[in-house]
Amino acid sequence: MAVASNAESFVTDIQALASAELTSDQKAALRRFHSTLTLPLTIVSGNAAAISPSPTMPKTIELHGRPIYKVSMGKFNGTNKGRLFLAELRKRGWLTVNEYCPDGQGELFKSGLQIGDYVYACAGSQQLWGIYRISGDWQYFPDDISGMVDDLEDWGYRSAELVASPIKENTANLTDLASWWAPSGYRTVAPVTDLALANEKLFQPYFNLKVVSYSSQQEWEKAEAAFQKRFPNPNIILYGPPGTGKTHSTLELAYEILTGQRPTSYEAAQQLFRQELGQRLEFVTFHQSFTYEDFVQGFRPEVLNGNMVFQKTDGVFYRIAKRARDEYQRQTATPDAPVAVGFEEVFNQLMDPLVERDEEIVLPMKAAGYQFSIVDFGDGYITFKRGKDGHLVNVQNSTLKSLYEGTLVQPNPSGNQIYHQAIVKRLHELSEQTDTAPVETMPEPPRNYVLIIDEINRANIAKVFGELITLLEKDKRLGGSNTLPVTLPSGETNFTVPVNLYVIGTMNTADRSLALLDIALRRRFEFRPLYPLDKINNEPIPHAAVLKALNERIRHHKSRDFQIGHAYFLNPQETLPAIFNGKVIPLLYEYFLNDEAKVQTLLTEANIPCYLDETVGLRYGTAS
């Protein structure tokens, strides 16, 4: 067979082999040659599967600060008709989700994903389609396709441009990735919230590329400056009267802190909250019995084998601070052996004789006179011969990469690690021999973490926070200009709070049963007011005029901190008698210490009809 002159003619040549049986040596040679290409190839039952040309595959996809989502379409994969339907959608570049997909996923796909946002699409948990960029708005299916499967009434699609095709479509072996955004994750539409993990487990092994938020330090610094302008203080308290949406707003703030993007809908914020709860986000409600031991660390009695013992337990703040600190230290660590040449470049140089000429790669060992050979490679690993008997051993490329970059250390190598060290030594030698121009690199920054504290002023703040009052200051945090470690009462030393941990609290200004925050803690928080609104998204709320008149009189008789929040009036199906009798009037009784005459005067001045029922007190309306 003549040598192919270009990629497409090579495809034609390979397709000619599709019906021919291949020997194991032929299959190995074909795999080795294919490893240098970006064309998808699968060898099944001894035959070379058909190959179709794919778009030029970038080595890096830069999101420019945009999110990337997972969109799964496994609903139709269970029947032949459904698979034909999916094949037609893939041909047209259409992605589909039911508009009523639960937990706001349908709404997120329909209107939350913006044109230009990236998605990786899969047909269920075991088949990757590719990485796409949304190019069109939501549409219902046209007649020429709606008849291919039954019950498409609530289904629609969004057109998308294919950015990268997978080098492997089957993800059946991807069993160690349990995130919601994984192909097997329990979500149809979900944001990818851990790019480092997604690159390691999904994008690099299945697409042969890396997805990054920013490729240049300059662009990242510009985005970071905008973020810091929005969040100059990592400690925030939302304060205001009851019913003004403080708890509601914490989820939206958390979304922005975790993703760097403002949520397109409250449903999107709720989904991310559920997805990250217990990982990059924690939620706790303070109360009068809440203690330092609940929040930071303490000892609790337990019965063990019939004996009373005291076990050290970590509180909610300690747990999330540790997770945030571990990520901060991991992502900002300086490699022990910084390199000028990327691993992929020197690794390809090392493997060139084996790939191009099928020659074993002979490397010397540390002990004089001894050597070993790299004899083969596969998907993400290489194979070398060990010892006199030539025992074949595999080592993952990711392990070699970590050793090469200094993020993994083997202080006392033994067994297979001796061979790993010899391979990495050769990689460093190749690095020193390679002429490289200086390039601007962009390290992956540590992700942010969020702790939400609802009703923060309902606990004894000084007692709950303890020595953490000092550590909350921005400059005293790990990564700040004046990092300050402390020793915890449990004896743990060098405890720090990292700069990537954000604390969001809520405070009800009408709750005077407890003292407000003490001065030491108050100056460490940024306070953001939330007071009643008469419009939301430029739309008047139900009964806006009534609420406005009521709050005007409350401000006159009490203060703005005792107003009635708009949340009490948001349900359009709820009548004014139900709102006032069930919510507003009982709250006014509490505000005025059960002084019925004052409450009645206030309602009358606001032109709100009310009457006195001798049995239950004031009621909305007129006496019948």
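Me: What share of the 624 residues of the protein chain counts as buried?

Reply: This is a predicted model, in which local features need pLDDT of at least 70, side-chain atom pairs count only at pLDDT 80 or more, and totals for chains, interfaces and linings use all residues. Residues are numbered from 1 along each chain as its sequence is written, and side-chain values use heavy atoms, with hydrogens and water left out. Buried means under 20% relative accessible area, exposed over 50%, and partly exposed in between (1.4 Å probe, protein chains only). The buried share of the protein chain is 44%.

Me: How many helices and strands does the protein chain have?

Reply: Both are DSSP runs, numbered from the N terminus: helices are H or I with at least four residues, strands are E with at least two. The totals are 20 helices and 26 strands.

Me: Of the contacts with a separation of 6 or more, what percentage joins residues 24 or more positions apart?

Reply: A contact means heavy atoms within 4.5 Å. Among contacts in the protein chain with a separation of 6 or more, residues 24 or more positions apart account for 65%.

Me: How many of the eight residues of strand S21 are buried?

Reply: Strand S21 spans residues 501–508. Leu 501, Val 503, Gly 505 and Met 507 point one way, while Tyr 502, Ile 504, Thr 506 and Asn 508 point the other way, and all are buried.

Me: Do strands S12 and S21 pair in the parallel or the antiparallel sense?

Reply: Two strands pair if DSSP finds at least two bridges between them. Six bridges join S12 (residues 235–240) to S21, with Ile 236 opposite Ile 504. The sense is parallel.

Me: Which residue of S21 is the bridge partner of Tyr 449?

Reply: S20 also pairs with S21, in the parallel sense and over five bridges. The partner of Tyr 449 in S21 is Leu 501.

Me: Which residue takes a positive phi in the hairpin of S14 and S15?

Reply: S14 (residues 297–304) and S15 (residues 307–314) run antiparallel and share eight bridges. Gly 298 of that pairing stands opposite Thr 313. The hairpin has two residues between the strands, and the positive phi, near 55 degrees, belongs to Asn 305.

Me: How many salt bridges does the structure hold?

Reply: Side chains of opposite charge can pair when their charged atoms come close. A salt bridge is a side-chain nitrogen of Lys or Arg within 4 Å of a carboxyl oxygen of Asp or Glu. The total is 27.

Me: How many residues apart are Arg 447 and Glu 327?

Reply: Arg 447 and Glu 327 form a salt bridge, their closest N and O atoms 2.8 Å apart. Arg 447 lies in the loop between helix H14 (416–433) and strand S20 (449–454), and Glu 327 in helix H11 (residues 316–332). Arg 447 and Glu 327 are buried. The pair links distant parts of the chain, with a separation in residues of 120.

Me: Which residue meets Glu 574 in a salt bridge?

Reply: Glu 574 sits in the loop between helix H18 (544–557) and helix H19 (576–591). At 19% relative accessible area, Glu 574 is buried. Glu 574 touches His 543, Tyr 568, Ile 579 and Lys 583, leaving aside residues up to four places away in sequence. The salt bridge, 3.0 Å from N to O, is with Lys 583.

Me: Is Lys 583 buried or partly exposed?

Reply: Lys 583 has a relative accessibility of 29%. That makes Lys 583 partly exposed.

Me: Which side chain of opposite charge is nearest to Lys 246?

Reply: Lys 246 is in helix H8 (residues 246–259). Lys and Arg count as positive, Asp and Glu as negative; His and the chain ends are not counted. Lys 246 is buried yet has no salt bridge. At 6.6 Å, the nearest side chain of opposite charge is Glu 455.

Me: How far does the backbone oxygen of Pro 241 lie from a polar atom of the Lys 246 side chain?

Reply: Lys 246 touches several residues, including Tyr 239, Pro 241 and Asn 508. From the backbone oxygen of Pro 241 to a polar atom of the Lys 246 side chain, the distance is 2.7 Å.

Definitions and conventions: A polar contact is a pair of N or O atoms within 3.5 Å; within protein, one must be able to donate a hydrogen and the other to accept it, and residues adjacent in sequence count only if both atoms are side-chain atoms.
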